Number of protein chains: 2
Amino acid sequence: MRALLIIAHGSRREASNEEIHTLANKLSLRLNEKYAHVGAGFLEMAEPDIGTSLQNCVLKGATSIDVMPYFLAAGRHVVTDVPADVNTFAELHPTVEINVLPYIGGTDGMVDLLVDVCGG
Amino acid sequence: MRALLIIAHGSRREASNEEIHTLANKLSLRLNEKYAHVGAGFLEMAEPDIGTSLQNCVLKGATSIDVMPYFLAAGRHVVTDVPADVNTFAELHPTVEINVLPYIGGTDGMVDLLVDVCGG
């Protein structure tokens, strides 16, 4: 069973974190043929943290988890912090396949999206 | 003359900030019929700051500036910090038209982009 986990930064503003959960729910509906579960996790300032959110995927039966770093630029969080938390979990759960996707800001589609939004 | 300003968070990692400048350059090429200048500014940890980057647009001749808050969720930065810096500039430059666009994470296109990246 395959799961998708959206990892966001996390905010002190609860509505901002809720927005990430809402996004995960939208993706769950759109990607239900590929993923039996779509969850959300946060690097800091919000729950669940990355380890707990990965564990939640496993508790729902995931044997393979695609991790989407939902960040815009390859700063310290993308380069160091998120991989560190993912690796800590992976070492404790060697039977779970974990695939970290490209962070969203680094995708070609982001430029197209900005062209659409700013050029419209 | 119309300018577009991409406002990002800013990172201690210089390569991350350079990524935003590169993005602005790509958008400048793609949106050159609409914008005579596309610049980048940062909320914190990088230069130019928001006020300086808006001033740079004016120095390049902009009389109208579209501001793109390049953030993924409506946290404190989107709701409070970016508008505060933009308003401070706007009050000092009442003849410059400033239009704050929807932050990128709140656009419908972001869900489509994630579906493309994660579902591919």
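**Figure 1. Six salt bridges are found over all chains of this structure.** The model is predicted. One of the pairs joins the side chains of A:Arg2 and A:Asp66. Their N to O distance is 3.2 Å. This pair links distant parts of the chain. A:Arg2 belongs to strand β1 (residues 2-8) of chain A, and A:Asp66 to strand β3 (residues 64-69) of chain A. The two residues stand 64 residues apart. Side chains of opposite charge can pair when their charged atoms come close.

**Figure 2. Chain A and chain B bury about 3,400 Å² between them.** Carbon and sulfur atoms account for 68% of that area. Three residues of chain A stand out: A:Leu72, A:Leu114 and A:Cys118. They supply 18% of the area that chain A buries against chain B, more than any other three residues. The contact draws on 39 residues from chain A and 39 residues from chain B.

**Figure 3. A salt bridge crosses from A:Arg30 to B:Asp112.** Their side chains meet with an N to O distance of 3.0 Å. The count between chain A and chain B is two salt bridges. Polar contacts also span this interface, with 14 residue pairs found, both partners at pLDDT 80 or more.

**Figure 4. Helices α1 (14-30), α3 (76-92) and α4 (108-119) of chain A face chain B, each with at least two residues on the touching side.** Which element gives the most to the side of chain A that touches chain B? That element is α4(A), with 10 residues. By class, this side of chain A has 23 nonpolar residues. Eight polar and eight charged residues make up the remainder.

**Figure 5. The largest pocket has a volume of about 840 Å³.** Its lining takes in 36 residues. Which residues lie nearest its centre? They are A:His9, A:Phe71, A:His77, B:His9 and B:His77. The lining of the largest pocket holds 16 nonpolar, 14 polar and six charged residues.

**Figure 6. The loop between β2 (37-42) and α2 (50-59) of chain A holds A:Pro48.** The peptide bond from A:Glu47 to A:Pro48 is cis, with omega near 0°. A:Met45 is found in the loop between β2 and α2 of chain A as well. A:Met45 is not a glycine, yet has a positive phi of about 70°. Most residues other than glycine have a negative phi, and most peptide bonds are trans.

**Figure 7. A cis peptide bond joins B:Glu47 and B:Pro48 in chain B.** Omega is about 0° at this bond. B:Pro48 sits in the loop between β2 (37-42) and α2 (50-59) of chain B.

Terms used. Residues are numbered from 1 along each chain as its sequence is written. Chains are lettered from A and ligands numbered from 1 in the order in which they are written. Side-chain values use heavy atoms; hydrogens and water are left out. Contact means heavy atoms within 4.5 Å. Buried area is the accessible area (1.4 Å probe) that two parts lose on being put together, summed over both. A salt bridge is a side-chain nitrogen of Lys or Arg within 4 Å of a carboxyl oxygen of Asp or Glu. A polar contact is a pair of N or O atoms within 3.5 Å; within protein, one must be able to donate a hydrogen and the other to accept it, and residues adjacent in sequence count only if both atoms are side-chain atoms. Helices (H or I, at least four residues) and strands (E, at least two) are DSSP runs, numbered from the N terminus. Ala, Val, Leu, Ile, Met, Phe, Trp, Tyr, Cys and Pro count as nonpolar, Asp, Glu, Lys and Arg as charged, and the others, Gly among them, as polar. On a 1 Å grid over the protein atoms alone, a cavity is a set of points where a 1.4 Å probe fits but cannot get out, and a pocket is an open set with protein on both sides within 12 Å along at least five of seven lines; lining residues have an atom within 4 Å of a point. Grid points are joined across faces, edges and corners, and a volume is the space filled by probe spheres set on the points.
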